Amino acid sequence: PRMLSILNRRAVFDAFLVYCRFGCTFKKQSRFSGTLPGFNSLSCKCMHDHEHLRIRGSMEHEGRTRQVSEVAAACPEALCLALGWLALVLMIIAMWAPTLGAPHQPREGGFDLRPCRIESRGATHD
């Protein structure tokens with residue numbers, strides 16, 4: 001229900017990406033949707049210049065045996081950093097160039113990012 005309410009908004013930006021482009025050994029395709037303008041700039045495809053680990057069976061991870069699907073469920077750290085940097089850059093652009101159509105104007109004491117949301121399969125990042 002929460003994701004549907006985001007998708008029903010007018011200004012929703014989708015990023016279609018694969019985790020292997022963010023340092024993972026497996027090719028997990030994901031769709032992220034958010035209200036940050038420019039969010040779709042994270043979209044990327046596999047370069048097909050490496051091998052992928054199949055998401056099945058078990059593997060050694062951080063000193064213990066885990067299901068590959070369990071490891072693949074986590075958002076790669078590099079993707080989390082990319083999301084953070086994108087939010088920061090877009091916030092700066094919106095503060096200094098309001099003519100670019102930023103959805104929220106700066107308010108006294110800073111920029112209000114609360115209305116901006118990013119969601120993906122059960123994980124919400126405000």
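Visitor: Is Cys 46 buried or exposed, and what is its relative accessible area?

Guide: Let's begin with the general idea: a residue is buried under 20% relative accessible area, exposed over 50%, and partly exposed in between, using a 1.4 Å probe and protein chains only. Here, Cys 46 has a relative accessible area of 8%, so Cys 46 is buried. Before going on, note that this is a predicted model, where local features need pLDDT of at least 70, side-chain atom pairs count only at pLDDT 80 or more, and totals for chains, interfaces and linings use all residues. Residues are numbered from 1 along each chain as its sequence is written, and side-chain values use heavy atoms, leaving out hydrogens and water.

Visitor: How many disulfides does the structure hold?

Guide: A disulfide is a covalent bond between the sulfur atoms of two cysteines. The test applied is a pair of cysteine sulfur atoms within 2.5 Å. This structure has zero disulfides.

Visitor: Where does Ser 69 lie?

Guide: Look in helix α2, residues 68-73. Ser 69 counts as partly exposed because its relative accessibility is 43%. Its C-alpha atom is separated by 9.1 Å from that of Arg 54, 15 residues apart along the chain.

Visitor: Which residues make the nonpolar surface patch?

Guide: For such a patch, nonpolar side chains (Val, Leu, Ile, Met, Phe, Trp, Tyr) are joined within 5 Å, using residues with over 30% relative accessible area and no salt bridge. A salt bridge is a side-chain nitrogen of Lys or Arg within 4 Å of a carboxyl oxygen of Asp or Glu. Here, Leu 81, Trp 85, Leu 88, Val 89, Ile 92, Ile 93, Met 95 and Trp 96 make a patch of about 810 Å². One of them, Leu 88, lies in helix α3, residues 77-96. With a relative accessible area of 34%, Leu 88 is partly exposed.

Methods. Helices (H or I, at least four residues) and strands (E, at least two) are DSSP runs, numbered from the N terminus. Patches are made of residues with over 30% relative accessible area and no salt bridge: like charges are joined within 9 Å, nonpolar side chains (Val, Leu, Ile, Met, Phe, Trp, Tyr) within 5 Å. Accessible areas come from the Shrake-Rupley method with a 1.4 Å probe; for residues, only the protein chains shown count as cover.
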